[in-house]
Amino acid sequence: LYGDEIDLDISYGYQNVAKSGEYLPIEVDIENQTDQDISGILYIDIENDSNIDISYDYNINIDRNSHKKFQSTINVPDETDHIRLRLCDRESKLLSEESSDITIHGEGAELLIGLLSNKPDSLAYFRGVNLGGSGLQTRTVTLNPGSLPDTREGLEQLDIIVISDLNMQRLGAELTSAIYQWVRDGGVLLMGMGVNADPLGELSQYLGELELSSPELREVNMGIQYSQTGPDGAVLELMTRELYAEDGIQAMQSGSLAMLTNISAGSGVIGITAFSLC
């Protein structure tokens, strides 16, 4: 009825990456450029070869001359080709529609790593890593705490979440709880400590007995195998924290300092490094 006066646009997954077999977070931008308030239903049709396999519907209210973002989590079959959006009024009259192609990546092709940091560019070294013997290659996506789904299902697309140099209060209690539940269902959370004032935030309540020292500048030997200039070529000056976790396992050490401590949580694991990953 309104043509270009109502604009619909959809984005899915994390930077439009969708993996098979997992719930898929979506975000729909709706722009109402008419002089009418709209109360209607947004339909999201999951299509394959022009047939509708699954359809979701949501009640939507949009004020005149305004813009709205709508977020949800849906289940998308592997053979999905398109997602079609339809906005209808309460009498089922079509107000606007839009279609978008969607590519579903098969299982095992990539390891998707989400980066939560004030300095995500400093974590670029996680990108494009080949995991020997597995055929897997890593892909990274930068996450924004303000737009992350706050449910476990909304995080299912991610294999690993890396958090470093981030004000953990930005995550809030709901999102922190969702991340922890996602770990318990098999996710891997890697956290860097360093100089952050509150490096664990709300997450500390889930980690049992935990002692964390104040940050201290230390010389850390990363191991002769990483040296390119001689015996001292792998020694770095890093701001580090000593960590003691009652249920933790020291997975990497430098002298008496635990550089990486792993804490099991359900089917997943939380790895905490003594230094900033940035």
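A: Here is a quick tour, taking those topics in turn.

Q: Start with the open sheet. What is the strand order?
A: This is a predicted model. The open sheet has eight strands, in the order β11-β12-β10-β13-β14-β21-β20-β19. The pairing is mixed.

Q: Which strands are at the edges?
A: β11 (130-131) and β19 (248-254). Each of them pairs on one side only.

Q: How do β10 and β13 run, parallel or antiparallel?
A: Parallel. Four bridges join β10 (residues 110-116) to β13 (residues 160-163). L116 has I163 as its bridge partner in β13.

Q: Which strands does helix α1 lie across?
A: Helix α1 covers residues 172-184 and lies across β10, β13, β14 (188-192), β20 (257-265) and β21 (268-273). Against β21 it runs at about 120°.

Q: Switching to the hairpin. How many residues sit between β7 and β8?
A: Four. S92 is in that turn and has a positive phi of about 70°.

Q: And how many bridges join the two strands?
A: Seven, with β7 (residues 82-89) and β8 (residues 94-101) running antiparallel.

Q: Now cysteines. How many disulfides?
A: Zero in this structure.

Q: Is C88 buried or exposed?
A: Buried, because its relative accessibility is 5% and the cut-off for buried is under 20%.

Conventions. Residues are numbered from 1 along each chain as its sequence is written. This is a predicted model: local features need pLDDT of at least 70, side-chain atom pairs count only at pLDDT 80 or more; totals for chains, interfaces and linings use all residues. Side-chain values use heavy atoms; hydrogens and water are left out. Two strands pair if DSSP finds at least two bridges between them. Contact means heavy atoms within 4.5 Å. Axes are lines fitted to C-alpha atoms, for helices over the stretch in contact, and angles run from 0 to 180 degrees between N-to-C directions. A disulfide is a pair of cysteine sulfur atoms within 2.5 Å. Buried means under 20% relative accessible area, exposed over 50%, partly exposed in between (1.4 Å probe, protein chains only).
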